[in-house]
Amino acid sequence: MDFLDFFNPLRIFGETSYQNFFQWLFSTLFDGWLARVLGFVFLFFAYWFWVRREQLARGLWFLAFAFLMGYGWIIFRFLGVAK
Amino acid sequence: MSKGGSGSSGKDSGIYLPQTSEKIKNLFDAISEIEFYAGSEEEGDKISEKFFTTKQKIQFMEVGFKAAFISGMITALLAPIMVGVFEKLIPVFGSYNPTIIDQIYVFLLTIGFSLGYGIFIARVGKCYSKNYSISRTMVNNLMIGLTAGALLKAGFIFLLFHFIYFNILIPENVVKWLVPLTKKGFFHLSVENAEKIYLWIMEFRKTFLTASWFVVFTSFLLIAIPYYKILKTIIKEKRVKQVENL
């Protein structure tokens, strides 16, 4: 178990600061201009790989990221990660 | 694609034909093949459509069908969410009041694949010349598959979304699901929250009707773009011929 403790983030950060970090991450990454920029970038690559290069798997990955950028806020809020 | 020994359409015109028939796996292969044959026919004589085997015909139809069906499914899945965003029922980028940029983003995320495929497939339109034989047949087969896929998908989604609206998400059903959840205290669901969820579902179910018609529109768009390009090539050729005859 000592080995697994190495991966426990709460060993380094306090529970509150760890939670605050994620709150900050979700409030900046999924809510604001950064989300919009990343969303459009992912969407472009989704089209590029899927439609232009016909690489369905990569296209779907980028589409999933683009979807996450757009709707990530409500998904994580629903899951209780972000408030 | 190998461009081995020379073959011809009956005459000794020295046109290079592909010797092996590699499997057409995707749209990219199909369009490349059409462009290659169109290029050969532009440089030399018509290549008999007999070289376009039954197996290849099926493969071209299959590729067109798959392209229409898969891109349409993504549009179909995202369409109710898009309508939900426009109706301010679902937030995008953390906001229930989407800006014009947000609306463009959601619209592109939903319609983009049908539009992208349509524009990409429209490239074959320029290969639909009267002077070509095999290229025209290839384009015809691809378009048959594409049209069949788009129509089938549109019909299926139209019926499914109407079924959801008229039979699944009806008030009686939603109450039937929510009451036991509230009684058993699942997800710590209070009566007030259950009421909110009920009202939200009642608003959201309406999006399925709009979404179903939207999917029909995108399916039409997917097939209309390549057909428009084909028609443009035909008209352009007719005009050139008329000028030549003068």
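Start with two helices in chain B, H2 at residues 54-86 and H6 at residues 191-245: their axes come within 8 Å and cross at roughly 145 degrees. Keep in mind that this is a predicted model. The crossing of H2(B) and H6(B) is right-handed.

Which residues make that contact? From H2(B), they are B:Ala68, B:Ser71, B:Gly72, B:Thr75, B:Ala76, B:Ala79, B:Pro80, B:Val83 and B:Gly84. From H6(B), the list includes B:Phe204, B:Phe208, B:Phe214, B:Val215 and B:Leu222. B:Thr207, B:Thr210, B:Thr218 and B:Ser219 are also among them on H6(B). By class, the H2(B)–H6(B) contact has 11 nonpolar and eight polar residues. Charged residues: none.

H2(B) passes H4(B) in a right-handed crossing. Here the class count is 17 nonpolar, five polar and four charged residues. So much for the inside of the chain.

On to the contact between chains. How many residues does each chain give? Chain B gives 18, and chain A gives 18. On the chain B side, two elements give two or more residues: helix H1, 27-43, and helix H3, 100-121. Of the elements there, H3(B) gives the most, with 10 residues. What about classes on that side of chain B? It divides into 14 nonpolar and four polar residues.

Technical notes
Residues numbered from 1 in each chain as written. Chains lettered and ligands numbered in written order. Predicted model: local features only at pLDDT ≥ 70, side-chain atom pairs only at ≥ 80, totals over all residues. Axes fitted to C-alpha atoms, helices over the stretch in contact; angles between N-to-C directions. Helix = DSSP H or I, 4+ residues; strand = E, 2+ residues; numbered from the N terminus. Left-handed = near helix turned anticlockwise from the far one by under 90°. Contact = placed C-beta atoms within 7 Å. Nonpolar A, V, L, I, M, F, W, Y, C, P; charged D, E, K, R; others polar.
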